[in-house]
Amino acid sequence: MAIRFLFIFLLTLMTQQDPVRIHIDSVFLEFQDKKVLRGIYLELLQHQISGILGRNGSGKSCLLKIITGQLTPQQKYLNVGGKRLNNLYKEKGLINYLPQHECHPGFLRMKDLLYFYDISLKDFRAYYPHLHQLNKQKFAQLSGGDKRLLEVLIVLESPSLFTILDEPFSHLIPTQVDMVKKTILRVKNRKGIIITDHQYKHVLDVSDHLHLLKDGRLHNVQHEQDLRIHGYI
């Protein structure tokens, strides 16, 4: 019996896949002689949550757009699992991105969005039964808070290996914020998540690794006190 158990345990270890890693290195970005990013290095790991904080204009959204391939910097290096890539979005199922602004067509209904993101309607209803009432309404008919909540949850529940969230807590009431935070912690068992938001306490609550973008560089943050030292709070 013990030998059989040992065999099953070793077989599980052999067949278990290593978490996917994304290495972002040597990112330089400038606009008209203004240096926005100065040699950014960042490692993203599946099953971990990385928080990025920074003041307005520090370059957070620019960095996220560079990672996904929406913005071309003067220099960058991207490596996924030992393979160099120019644009992460071209790798099917690797990464998705939710920007700060509303980004889905107003004529779509919730079931259409779930289908687009390859999410089971049955599973979504099981996790969020109280959102079933939104199913008959077009996206444009929802309130600002319901729109943001639905977009955040759908992007998180999608089967991508990584998800980037830019200001996910904006326009949400406290109960919705709690729902999003619980979802973030639950889905990290299968994906890596990157979050940036000015409501830094929520980012602190869920992040495994936290960074502050200041003067074009990323600074590691271990405690809230580090944010005071760097003059963020």
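Angles between elements run from 0 to 180 degrees between N-to-C directions, and the axes are lines fitted to C-alpha atoms. The legends below describe close-up views of a predicted model.

View B. Leucine 78 has leucine 85 of S5 as its bridge partner.

**View C. Helices H5 and H6 are in contact.** Helix H5 comprises residues 144-157 and helix H6 residues 174-187. Two packed helices are described by the angle between their axes and the distance between the axes. Here the axes come within 10 Å and cross at roughly 5 degrees. Angles under 35 degrees count as roughly parallel, and H5 and H6 are therefore roughly parallel to each other. On the H5 side, the contact is made by Gly145, Asp146, Leu149, Val152, Leu153, Leu156 and Glu157. On the H6 side, Gln176, Met179, Val180, Thr183, Ile184, Arg186 and Val187 take part. The residues of this contact divide into eight nonpolar, three polar and three charged.

**View D. Phe124, Tyr127 and Tyr128 form a cluster linked by ring pairs.** The structure holds four aromatic pairs. The ring centres of phenylalanine 124 and tyrosine 128 are 4.8 Å apart and the planes stand at 55 degrees, so this pair is tilted. The pair of tyrosine 127 and tyrosine 128 is tilted as well, with 6.1 Å from centre to centre and 50 degrees between the planes. Phenylalanine 124 counts as buried at 2% relative accessibility, and tyrosine 128 counts as buried at 3%. Tyrosine 127, at 45% relative accessibility, counts as partly exposed.

**View E. Strand S8 is covered on both faces.** Strand S8 spans residues 192-196, and five of its five residues are buried. Gly192, Ile194 and Thr196 lie on one side, with Ile193 and Ile195 on the other. Strand S3 (residues 49-53) pairs with S8 in the parallel sense over three bridges, and isoleucine 49 stands opposite isoleucine 193 in S8. Strand S7 (residues 162-166) also pairs with S8 in the parallel sense, over five bridges. The bridge partner of aspartate 166 in S8 is threonine 196.

**View F. Histidine 211 is a buried residue of strand S9.** Strand S9 covers residues 209-214. Histidine 211 counts as buried, at 11% relative accessibility. Leaving aside neighbours within four places in sequence, histidine 211 is in contact with Leu42, Gly51, Ile52 and Leu53, among others. The contacts of histidine 211 also include Leu218, His219, Asn220 and Val221.

Definitions and conventions
Residues numbered from 1 in each chain as written. Predicted model: local features only at pLDDT ≥ 70, side-chain atom pairs only at ≥ 80, totals over all residues. Heavy atoms only, no water. Pairing = 2+ DSSP bridges. Helix = DSSP H or I, 4+ residues; strand = E, 2+ residues; numbered from the N terminus. Parallel < 35°, antiparallel > 145°, perpendicular 65-115°, else oblique. Contact = heavy atoms within 4.5 Å. Nonpolar A, V, L, I, M, F, W, Y, C, P; charged D, E, K, R; others polar. Phe/Tyr/Trp six-rings, centres within 6.5 Å; stacked < 30°, edge-to-face > 60°. Buried < 20%, exposed > 50% of the residue type's maximum accessible area, 1.4 Å probe, protein only.
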